[in-house]
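Biologist: Could you walk me through this one? I'd like to talk about packing, charges and the sheet.

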Amino acid sequence: MNHSQNGALFTTTSGSIDQVPIVFLHGFGAGAFVWSEIQAVLRDEAGSLAYDLPGHGGSLHADGPGGAGRMAKAIAADVKGRGITRAHFVGHSMGGAVASFIALRDPSLVASMTLLAPGAYGPEINHRLLHRYATASTTQEILPVLENMFGWNFPVPDPLPEQLLAARSVPGAKEKLLVILDAIFEEDHGGMRQGVIARKELAGLTMPVKVLWGTQDRVLPTRQSHRLPPVFAAHVFENTGHMLIEERPDDVIMLIRQNMRAGA
């Protein structure tokens, strides 16, 4: 894997990004590679950029690792630095939180948002599971963690454990994950919670927003998709866990397409 130099962010690009591209943002501990199949399907309809978020993969040494708000600043600056004035943002988990912060701070940049089990939409978060995920170093350690991230009847895809382990085997990678993890959590009366974007802030957004969630999500509970502002459309999937990219790719693609049309 290539790594960023001089604070640059690493992306994989599909198709032409001269019009209104899609910007894909992955979840904690993953990488741009999780979007590769969806990028390929949508290539002829819209060019796209899939980022390795700061502190991950090829962006290990890029500026901006930490909480979602700090990452949002780095991503937005990079997008605009490429001459992009408007894009459709698609984010999973932590990437959903990053996309949301970009939309709140720079709404003219965001044509639409498609959010897959986004972070920062409620205080509850499975901090024990995520800590085990961040510190896993072997297939034997990471496989049971991933099984808890997928729906109960969905097998962990064969290449995924090794892809994730390869990214964190680079010197300094695991340390960055722990820095980011620490920025996600905050103490709350002896327990742990994540920071939350207030519903009243989200209610001010005017671009089309779709939120996707699985009923078997054991990282972020499905109820965080409830009581969203009227502009938000919630799509809840039965027999589905946290990993909607792998578990519901056809539905994800369909809803991205709908949002692209709505935000054109």
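Biologist: Is Phe28 buried or exposed?

Modeller: Phe28 counts as buried, because its relative accessibility is 8%, where buried means under 20% relative accessible area, exposed over 50% and partly exposed in between, with a 1.4 Å probe and protein chains only. This is a predicted model, in which local features need pLDDT of at least 70 and side-chain atom pairs count only at pLDDT 80 or more, while totals for chains, interfaces and linings use all residues. Residues are numbered from 1 along each chain as its sequence is written, and side-chain values use heavy atoms, with hydrogens and water left out.

Biologist: How many aromatic pairs are there?

Modeller: The structure holds 4 aromatic pairs; rings of Phe, Tyr and Trp (its six-membered ring) pair if their centres lie within 6.5 Å, and planes under 30 degrees apart count as stacked, over 60 as edge-to-face and the rest as tilted. One of them joins Phe28 and Tyr133 edge-to-face, at 6.0 Å centre to centre and with 65 degrees between the planes. Phe28 lies in the loop between strand 2 (22–25) and helix 1 (36–42), and Tyr133 in helix 4 (residues 127–135), so this pair ties together parts 105 residues apart in sequence. Helices here (H or I, at least four residues) and strands (E, at least two) are DSSP runs, numbered from the N terminus.

Biologist: And what lies over the face of Tyr133?

Modeller: That is Arg168, at 4.8 Å from the ring centre, under a rule that asks for NZ of Lys or CZ of Arg within 6 Å of the ring centre and within 35 degrees of the ring normal. Tyr133 itself is buried, at 4% relative accessibility.

Biologist: OK, charges next. Which residue does Lys80 meet in a salt bridge?

Modeller: Lys80 meets Asp106, at 2.7 Å from N to O, a salt bridge being a side-chain nitrogen of Lys or Arg within 4 Å of a carboxyl oxygen of Asp or Glu. Lys80 sits in helix 2 (residues 68–81) and Asp106 in the loop between helix 3 (94–105) and strand 5 (110–116), which places the partners 26 residues apart. Asp106 is buried at 17%, whereas Lys80 is partly exposed at 44%.

Biologist: How many salt bridges in total?

Modeller: The count comes to 6, including one between Arg223 and Glu124 at 3.0 Å, N to O. Arg223 lies in the loop between strand 8 (209–214) and strand 9 (232–237) and Glu124 in the loop between strand 5 and helix 4, so parts 99 residues apart in sequence are tied together.

Biologist: Switching to the sheet: what is the strand order?

Modeller: It is an open sheet of 7 strands in the order 1-3-2-4-5-8-9, with mixed pairing, where two strands pair if DSSP finds at least two bridges between them. Strand 1 (11–14) and strand 9 stand at the edges with a single partner strand each, so one side of each is left without a neighbour in the sheet.

Biologist: Which residue is the bridge partner of Phe24?

Modeller: The partner is Val90 in strand 4; strand 2 and strand 4 (residues 87–92) run parallel and are joined by 4 bridges.

Biologist: What does helix 10 touch?

Modeller: Helix 10 (residues 249–262) packs on the sheet and touches strand 2, strand 4, strand 5, strand 8 and strand 9, contact meaning heavy atoms within 4.5 Å. Its direction makes about 160 degrees with that of strand 5, where axes are lines fitted to C-alpha atoms, for helices over the stretch in contact, and angles run from 0 to 180 degrees between N-to-C directions.
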